[in-house]
Amino acid sequence: MLDSLKIEIMRKTKIINGFKHIKYTGPKYTNETMEQKSLEFYELMNQRRTIRDLSNKPIKKTIIDRLIQTASTAPSGANKQPWTFCAISCVSLKKKIRIAAEKEEKENYNHRMPDQWLNDLKPMATDWFKPFLVDAPWLIVVFKQAYDLDHNEKQNNYYVNESVGIACGILITAIHQAGLVTLPHTPSPMNFLTKILNRPKNERPYLLLPVGYAADHAYAPDLKRKSLRKVAIYY
Ligand SMILES: Cc1cc2nc3c(=O)[nH]c(=O)nc-3n(C[C@H](O)[C@H](O)[C@H](O)COP(=O)(O)O)c2cc1C
């Protein structure tokens with residue numbers, strides 16, 4: 001091997017365009033280990049379900065911290081990390097959120113949702129009643145930052161929906177991996193969350209995730225996931 005290439009491989013950092021780059025030290029596995037790990041992870045994630053009956057058993061804040069930190073490892077357009085995770089355990093705030101969410105959901109179920117939508121929701125057995133918003137020990141409300149206000153100056157964010165969507169996916173994965181449950185809740189329109197949580201003008205509510213243990217009596221609809229054949233096309 002060329003000496004210069006050897007030096008390059010051993011170097012921990014280098015400067016490109018005036019910016020420091022650090023050597024990638026992520027995991028590398030043998031094919032066998034990779035097969036095993038990917039199968040195990042699929043089996044773990046295939047057990048994930050949206051659970052709407054949550055117990056009120058408390059969860060330590062340090063665990064919520066870690067889940068949010070994990071979500072915040074998500075990739076984002078130009079690394080803008082355009083998300084804010086509001087974690088709420090305060091009982092009176094959860095009650096306020098439940099009242100406001102149920103008001104919107106009552107309208108949605110009784111007047112706004114077309115028949116086809118209501119029909120599609122039938123297997124989920126959902127309605128406007130949302131007790132999980134107070135039963136869950138924590139609510140995480142994810143806000144997207146439409147633009148950046150870090151230095152009190154408006155700066156662009158890029159691919160905000162994609163970035164925040166990926167962060168939410170990682171959060172849901174982390175919640176499941178920790179042995180907890182959640183449900184992606186969208187009591188639209190969700191502007192009431194901006195008001196209740198007093199968020200700045202650059203933030204928009206994106207997703208509400210109650211986090212807790214599954215209640216002992218929790219059931220999930222017997223839904224089927226599409227087969228690999230149906231969702232993947234190989235070229
Ligand atoms: C963007 C999004 C919004 C959702 N909104 C709601 C909601 O407001 N209320 C609810 O009970 N479930 C909601 N869900 C959960 C879906 O109904 C659920 O993911 C789907 O039925 C599949 O079930 P599973 O998550 O158990 O696989 C939402 C899911 C997503 C991805």
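This is a short tour of a predicted model, stop by stop, for use with the structure open in a viewer.

**The whole protein**

Start with everything shown. The protein has 235 residues, and 22% of them count as buried. Look for 9 helices and 8 strands. The C-alpha atoms fill a box of roughly 70 × 50 × 40 Å along the principal axes. Now think about contacts with a sequence separation of 6 or more: residues 24 or more positions apart account for 79% of them.

**The largest nonpolar core**

Select L139, V141, V142, L171, I175 and V211. They belong to the largest nonpolar core, which has 35 residues, and they touch the most other members. Next, colour the elements that give two or more residues to this core: α3 (61-71), β3 (83-88), α4 (91-112), α6 (132-135), β4 (138-145), α7 (160-177) and β8 (203-212). Which element gives the largest share? It is α7, with 8 residues.

Stay with I175. Set aside its neighbours within four places in sequence. I175 is then in contact with L67, L180, V181, T182 and V211.

**Where α3 meets α7**

Two packed helices are described by the angle between their axes and the distance between the axes. Here the angle is about 140 degrees, and the axes of α3 and α7 are 8 Å apart. Why is the pair called oblique rather than roughly antiparallel? Roughly antiparallel needs an angle over 145 degrees, so α3 and α7, at about 140 degrees, count as oblique to each other. The crossing of α3 and α7 is right-handed.

From α3, select L67, T70 and A71; from α7, select A167, I170, L171, A174 and I175. These are the residues that meet. The contact of α3 with α7 divides into 7 nonpolar residues, 1 polar and no charged.

**A87, in strand β3**

Move to A87, which is found in strand β3. Is A87 buried or partly exposed? A87 has 16 other C-beta atoms within 10 Å, so it is partly exposed. Leaving out residues up to four places away in sequence, A87 touches I64, I68, W138 and I140.

**A146, in a loop**

Go on to A146, in the loop between β4 and β5 (147-148). A146 is also partly exposed, because 16 other C-beta atoms lie within 10 Å. Beyond four places in sequence, A146 touches N157, V160, N202 and R204.

**Backbone details**

Finish with the backbone. Most residues other than glycine have a negative phi, and most peptide bonds are trans.

- Select S188 and P189. The peptide bond from S188 to P189 is cis, with omega near -5 degrees. P189 is in the loop between β7 (181-182) and α8 (191-196).
- Select N17, in the loop between β1 (13-16) and β2 (19-22). Its phi is positive, near 50 degrees. N17 has 5 C-beta neighbours inside 10 Å, so it counts as exposed.
- Select N198, in the loop between α8 and β8. Its phi is near 55 degrees, a positive value. N198 is exposed, because it has 7 other C-beta atoms within 10 Å.

Methods: Residues numbered from 1 in each chain as written. Predicted model: local features only at pLDDT ≥ 70, side-chain atom pairs only at ≥ 80, totals over all residues. Core = buried A, V, L, I, M, F, W, Y, C linked by C-beta atoms within 7 Å. Buried ≥ 20, exposed ≤ 12 C-beta atoms within 10 Å, placed from the backbone. Helix = DSSP H or I, 4+ residues; strand = E, 2+ residues; numbered from the N terminus. Contact = placed C-beta atoms within 7 Å. Axes fitted to C-alpha atoms, helices over the stretch in contact; angles between N-to-C directions. Parallel < 35°, antiparallel > 145°, perpendicular 65-115°, else oblique. Left-handed = near helix turned anticlockwise from the far one by under 90°. Nonpolar A, V, L, I, M, F, W, Y, C, P; charged D, E, K, R; others polar.
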